Protein chains: 2
Amino acid sequence: MKRDPKQATASPPTLSEQFDRGDLFAERCPSREVLKHVTSRWGVLVLLALLNDTRRFSELRRRIGGVSEKMLAQTLQWLERDGFVLRVSHPVVPPHVEYSLTPLGKEVGQRVVGLADWIELNLPRIVAAQQACADVSE
Amino acid sequence: MKRDPKQATASPPTLSEQFDRGDLFAERCPSREVLKHVTSRWGVLVLLALLNDTRRFSELRRRIGGVSEKMLAQTLQWLERDGFVLRVSHPVVPPHVEYSLTPLGKEVGQRVVGLADWIELNLPRIVAAQQACADVSE
């Protein structure tokens, strides 16, 4: 992502050229905001639910236990603006809107699956550790 | 994790025996709470900061830009109760408390690193996608 020095003096770098890579430990790095969206309570589950399927809003809402209409809409909007989710609105009556992952969304989704699968598979070990911790503090 | 049926009638299953594996899509599954801790705003950064190092509270606070004392303490307590973080208090004056990852914590930490690294490395692509999205909506 290095620019030609002559070009660099001619025009200011675009926003994307300012970041060779993010730094999550830095308070003002925009990667923090992306992490927030991806790891938000419903962001993780939306990415998981869309990983292999195109889905309508109502399908997503049924799949993700406990999510409200408002929070699902907000989460989809975040992920759409980050370039992870594609929203396609078909011009029919009644309106038919479909959500899917972009190539970028599939990449981040794979990493989220890695974490989510680990938690699901290891839940018995975690619950056992929680119980051991509770026993010690009693 | 299947129990002997005769034993099962003799005593109720322990909490950890109730879960062969978690289901993040189920509203009441305890895996949801674990996911919340691990992917909380500061949980991710605590796991990253401890992945290869034992650190004192003040070191963690300096490393993680923007975290308050209260939120760091809360996050460490969550992760300690889930069995991911080990807190060792040395009986000296002044008090000396060290935090590190347990073997379970290192496993989940590896998955979190997979996600965090991807976001840091791909931030330029994400920022470019955000700009494209902003251009379309203008």
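**Close-up views of a predicted two-chain model**

**View 1. Helix α2 of chain B is largely enclosed by the rest of the structure, because six of its eight residues are buried.** The buried residues of α2(B) are B:S31, B:R32, B:V34, B:L35, B:H37 and B:V38. Please keep in mind throughout that this is a predicted model.

View 2. Look for A:S31, A:R32, A:V34, A:L35, A:H37 and A:V38, the buried residues of α2(A).

**View 3. A rotation of 180° brings chain B onto chain A.** The shift along the rotation axis is 0.0 Å, and the superposition gives an RMSD of 0.0 Å. The two copies are therefore related as by a two-fold rotation axis. Which residue of chain B has its C-alpha nearest the axis? That residue is B:T39, with its C-alpha 2.7 Å from the axis. Both copies use the same surface, as 100% of the contact residues of chain B recur in chain A.

**View 4. The contact between the chains draws 51 residues from chain B and 51 residues from chain A.** On the side of chain B that touches chain A, the elements giving two or more residues are α2 (31-38), α3 (43-50) and α6 (103-137) of chain B. Which of these gives the most? It is α6(B), with 22 residues. Sorted by class, this side of chain B holds 29 nonpolar, 10 polar and 12 charged residues. For the model, the predictor's scores are ipTM 0.82 and pTM 0.82.

**View 5. The largest nonpolar core has 59 residues.** The residues with the most contacts inside this core are A:V46, A:V112, B:V46 and B:V112. As general background, nonpolar side chains tend to be buried together in soluble globular proteins. If you centre the view on A:V46 and set aside its neighbours within four places in sequence, A:V46 is in contact with A:L60, A:T75, A:L76 and A:L79.

**View 6. Strands β2 and β3 of chain A run antiparallel and are joined by six bridges.** Strand β2 covers residues 85-90 and strand β3 covers residues 96-101. What is the bridge partner of A:V85 in β3(A)? The partner of A:V85 is A:L101. Between the two strands, a hairpin of five residues makes the link from β2(A) to β3(A).

**View 7. A cis peptide bond runs from A:V93 to A:P94.** Its omega is near 0°, and A:P94 sits in the loop between β2 and β3 of chain A. For context, most peptide bonds are trans. Chain B has a cis peptide bond joining B:V93 and B:P94, with omega about -5°. Where is B:P94 found? B:P94 belongs to the loop between β2 (85-90) and β3 (96-101) of chain B.

**View 8. Chain A has an average pLDDT of 87.** Of the residues of chain A, 85% score at least 70. Over residues 1-9 of chain A the pLDDT is below 50. Beyond near neighbours in sequence, this stretch has seven contacts in the model.

Methods: Residues are numbered from 1 along each chain as its sequence is written. Chains are lettered from A and ligands numbered from 1 in the order in which they are written. This is a predicted model: local features need pLDDT of at least 70, side-chain atom pairs count only at pLDDT 80 or more; totals for chains, interfaces and linings use all residues. A residue is buried if 20 or more other C-beta atoms lie within 10 Å of its own, exposed if 12 or fewer, and partly exposed in between; C-beta atoms are placed from the backbone. Helices (H or I, at least four residues) and strands (E, at least two) are DSSP runs, numbered from the N terminus. Two strands pair if DSSP finds at least two bridges between them. Copies are superposed by least squares on the C-alpha atoms of residues with pLDDT of at least 70 in both. Two residues are in contact if their C-beta atoms, placed from the backbone, lie within 7 Å. Ala, Val, Leu, Ile, Met, Phe, Trp, Tyr, Cys and Pro count as nonpolar, Asp, Glu, Lys and Arg as charged, and the others, Gly among them, as polar. pLDDT is the predictor's confidence in each residue, from 0 to 100. A nonpolar core is a set of buried Ala, Val, Leu, Ile, Met, Phe, Trp, Tyr and Cys residues joined through C-beta atoms within 7 Å.
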